[in-house]
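Biologist: Hello! Could you show me the model and help me with the words used to describe it?

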Amino acid sequence: MSWLDALLRAASMETVFLAALVEKFLPILPSYILYPAIGIGAEDGWALAARCLVAAAGSMGGTLAWYGLGALAGPQRARGLVLRHGRWLLLSPALYDRLAADYRRRAVWLTFLGQLIPTVRIVQALPAGVLRLPLAGFLAATALGSLCWIVLLAGAGHALRSQGWAAGEAGLAVLGAMVTVEGSGALLAWGLRRRRRGGAALAAE
């Protein structure tokens with residue numbers, strides 16, 4: 001067993017909780033690196049399930065903090081915060097405005113989907129708090145989406161480790177797959193936007 005394997009297996013439930021909580025504020029270690037590592041460190045299926053639940057609880061703690069910050073700040077102050085410091089959290093004013101506008105129309109569905117998008121899932125609760133979305137429905141959708149995301153990544157890391165992959169190799173494999181999927185999605189979205197713009201321009205002529 002390598003030193004990395006030993007370190008991941010030695011991580012306590014408190015460490016898993018704190019790592020998931022901090023990830024919602026400081027995306028230094030992205031979720032598609034953090035959660036596969038949590039899965040790699042699980043000794044068996046029961047340990048994996050326990051780690052996923054604890055990580056989801058930590059993630060929900062960060063969500064509640066962001067929601068409370070948004071509710072206390074209010075619309076004007078929250079947007080000013082995004083303008084001044086949003087770049088440190090990969091949150092641009094345009095993304096924040098789009099999240100807020102979409103939330104007014106499809107809150108629960110977009111909350112669930114947002115937890116499956118790396119950048120959005122970190123700060124999604126801020127505009128939700130600003131808009132004072134019903135807390136029970138918001139938390140339920142967030143918990144379900146967050147758990148799906150964590151189980152997917154942690155499960156992938158654990159499955160590769162169970163097949164004999166070293167911790168570093170398994171982590172890099174999951175990271176490579178997620179970057180490929182995310183990049184493909186971004187290219188697809190760009191292509192669709194360009195196609196719509198082209199169609200709108202032709203219609204205007």
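Modeller: Gladly! Helix α3 (residues 31–40) and α9 pack at about 50°, and their axes are 7 Å apart. Axes are lines fitted to C-alpha atoms, for helices over the stretch in contact, with angles from 0 to 180 degrees between N-to-C directions. Helices here are DSSP runs (H or I, at least four residues), numbered from the N terminus. This is a predicted model: local features need pLDDT of at least 70, side-chain atom pairs count only at pLDDT 80 or more, and totals for chains, interfaces and linings use all residues. Residues are numbered from 1 along each chain as its sequence is written, and side-chain values use heavy atoms, leaving out hydrogens and water.

Biologist: Why are α3 and α9 called oblique to each other?

Modeller: Angles under 35 degrees count as roughly parallel, over 145 as roughly antiparallel, 65 to 115 as roughly perpendicular and the rest as oblique. The angle of α3 and α9 is about 50°, so the two helices are oblique.

Biologist: What makes Arg132 count as exposed?

Modeller: Buried means under 20% relative accessible area, exposed over 50%, and partly exposed in between (1.4 Å probe, protein chains only). Arg132 has 55%, so it counts as exposed. Arg132 lies in the loop between α8 (125–130) and α9 (135–162), and has a positive phi of about 55° although it is not a glycine.

Biologist: Why is Cys52 called buried, and Cys148 partly exposed?

Modeller: Cys52 has a relative accessible area of 5%, so it is buried. Cys148 has 37%, so it is partly exposed.
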